[in-house]
Amino acid sequence: MTRIVPVNLEHATEATRPLLEGVQKKIGFLPNVFRVLAHAPAVLASYLQNSAALGKTSLSATEKEAISLATSQVNGCDYCLAAHTLFAGKAGLSGQEILSAREGKLDAFALLARQITESRGHLTGDQIAAARAAGINDGKIVEVVAHVASQTLTNYLNNVALTDIDFPAASAL
């Protein structure tokens with residue numbers, strides 16, 4: 001049972017209602033995570049602005065989803081695993097590729113995200129060298145860190161709130 005009740009759109013504040021309506025229009029429904037974020041209007045606005053900015057990075061949709069899946073797996077966020085399994089499938093990843101991304105084995109981006117999350121950013125020189133050898137330049141390393149940080153926010157929020165999952169459940173590893 002959820003520990004932070006999601007805000008209903010009808011009860012949203014003047015500050016959050018248009019933001020939530022924008023999410024609903026973009027995704028086709030209003031996921032519970034955004035309704036939980038709506039308890040803190042500045043956090044919801046900041047998260048949406050950050051997400052929009054991260055949407056403009058040089059990473060492909062499948063690379064971004066691999067990062068989200070690897071990060072969410074390490075952080076144990078069932079909500080985000082469910083959401084990003086759906087989004088990764090829409091981005092073109094197969095079921096097996098999704099499972100591989102969760103383990104950090106799909107590609108260098110998933111591996112780097114897993115390493116960053118597991119080590120809380122304390123990568124070794126060898127890990128950085130391996131990422132670079134796999135074609136991840138310094139700009140992309142920074143982008144991966146930013147995606148991991150953004151994903152970790154929602155992972156932690158959902159883990160604290162026990163947000164009710166409103167996406168098809170992700171399969172177990």
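The centres of domain 1 and domain 2, taken over C-alpha atoms, are 23 Å apart. Domain 1 spans 9–55 and domain 2 spans 61–161 of the protein chain, with bounds from an automatic or database domain assignment.

This is a predicted model: local features need pLDDT of at least 70, side-chain atom pairs count only at pLDDT 80 or more, and totals for chains, interfaces and linings use all residues. Residues are numbered from 1 along each chain as its sequence is written, and side-chain values use heavy atoms, with hydrogens and water left out.

Nine residues of domain 1 and ten residues of domain 2 make the contact (heavy atoms within 4.5 Å). Buried area is the accessible area (1.4 Å probe) that two parts lose on being put together, summed over both. Carbon and sulfur atoms give 71% of it here. On the domain 1 side, Val 33, Tyr 47 and Leu 54 supply 56% of the area buried against domain 2, more than any other three residues.

| Domain 1–domain 2 interface | Value |
|---|---|
| Buried area | about 900 Å² |
| Salt bridges | zero |
| Residue pairs in polar contact (both at pLDDT 80 or more) | five |

A salt bridge pairs a side-chain nitrogen of Lys or Arg with a carboxyl oxygen of Asp or Glu within 4 Å. A polar contact is a pair of N or O atoms within 3.5 Å; within protein, one must be able to donate a hydrogen and the other to accept it, and residues adjacent in sequence count only if both atoms are side-chain atoms.
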